[in-house]
Amino acid sequence: MTVTEETAPVSHYERIGGASSVKAAVELFYDKVLADPDLAGYFADVDMVGQRRHLALMLTVVLGGPNEYTGRGLAEAHQPLNIPVAHYAKVGEHLTVTLTELGVPADILADVQTVLGQVQDQVVASGTRPGV
Ligand code: HEM
């Protein structure tokens with residue numbers, strides 16, 4: 001029997017395999033972000049557990065998984081970090097490459113881009129924007 005998307009709406013998070021797949025993605029994503037000289041500095045004072053937790057939360061949010069996060073809002077957590085749009089875009093690229101390497105289907109990747117666009121204004125610094 002075929003279970004169609006109409007009868008059983010399944011989140012992208014579940015479609016890619018849930019928590020265990022997200023854990024695998026975090027490992028790959030983590031290596032890319034921490035190896036990027038433009039990005040590593042943001043996480044220099046955050047312990048490894050916190051860094052992995054951050055990436056797992058990011059992935060869960062963009063994949064529409066269960067949001068068990070009850071901490072600070074995205075703007076509250078990121079505005080003090082003064083993240084320029086270029087660095088936000090780099091994190092998004094590392095994320096897209098990671099998911100592509102893991103064989104995540106194109107329709108999910110497209111939706112991830114949409115979510116990245118939706119939360120950008122909360123994460124990227126809203127103060128002075130050089131060049132804008
Ligand atoms: C889709 C985009 C993103 C999402 C959904 C996201 C999610 C989160 C969440 C939920 C927190 C709060 C963690 C906590 O307070 O426990 C957080 C904190 C943080 N985020 Fe993000 N983030 C995103 C993008 C970014 C980017 C682009 C950067 C850096 C270039 C970044 C760097 C950080 C740092 C350094 C913290 C503070 C970690 C700490 O102090 O423990 N985030 N993020």
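**Helix packing and the ligand shell**

In this predicted model, the axes of α5 and α6 come within 11 Å and cross at roughly 160°.

Q: Why is α5 called roughly antiparallel to α6?
A: The angle between the two axes is roughly 160°, and angles over 145 degrees count as roughly antiparallel, so α5 is roughly antiparallel to α6. In handedness, the passage of α5 across α6 is a right-handed crossing.

Q: Which residues make the contact of α5 with α6, and how do they divide by class?
A: On the α5 side they are Y88, G92, T96, L99 and T100, and these meet L109, V112, L116, Q120 and V123 of α6. By class, the contact of α5 with α6 comprises six nonpolar and four polar residues, with no charged residues.

Q: Which residues bring α2 and α5 into contact?
A: Helix α2 contributes A25, L28, F29, K32 and V33, while α5 contributes V91, H94, L95, V97, T98, L99 and E101. Eight of the residues in the contact of α2 with α5 are nonpolar, two are polar and two are charged.

Q: Why is α2 described as oblique to α3?
A: The angle at which α2 and α3 pack is about 120°, with their axes 9 Å apart. Since the roughly perpendicular class covers 65 to 115 degrees and the roughly antiparallel class begins over 145, an angle of about 120° leaves α2 oblique to α3. Here α2 passes α3 in a right-handed crossing, and the contact joins V22, A25, V26, F29 and Y30 of α2 to Q51, R52, L55, A56, L59 and T60 of α3.

Q: What surrounds the ligand, and which helix gives the largest share of the shell?
A: The ligand is surrounded by 24 residues, of which M58, V61, G71, A77 and V91 are the closest. At least two residues of this shell come from each of α3 (48–62), α4 (74–78), α5 and α6 (106–123), and α3 has the largest share, six residues. The shell divides into 18 nonpolar residues, five polar and one charged.

Q: How confident is the prediction for the protein chain, and where is confidence lowest and highest?
A: The average pLDDT of the protein chain is 85, and 88% of the residues score at least 70. Confidence is lowest in α3, with a mean of 85, and highest in α5, at 95. Where pLDDT is low, the predicted coordinates should not be read in detail.

Note on methods:
Residues are numbered from 1 along each chain as its sequence is written. This is a predicted model: local features need pLDDT of at least 70, side-chain atom pairs count only at pLDDT 80 or more; totals for chains, interfaces and linings use all residues. Two residues are in contact if their C-beta atoms, placed from the backbone, lie within 7 Å. Helices (H or I, at least four residues) and strands (E, at least two) are DSSP runs, numbered from the N terminus. Ala, Val, Leu, Ile, Met, Phe, Trp, Tyr, Cys and Pro count as nonpolar, Asp, Glu, Lys and Arg as charged, and the others, Gly among them, as polar. A residue is near a molecule or strand if its C-beta atom, placed from the backbone, lies within 6 Å of it. pLDDT is the predictor's confidence in each residue, from 0 to 100. Axes are lines fitted to C-alpha atoms, for helices over the stretch in contact, and angles run from 0 to 180 degrees between N-to-C directions. Angles under 35 degrees count as roughly parallel, over 145 as roughly antiparallel, 65 to 115 as roughly perpendicular and the rest as oblique. A crossing is left-handed if the near helix is turned anticlockwise from the far one by less than a right angle, and right-handed if clockwise.
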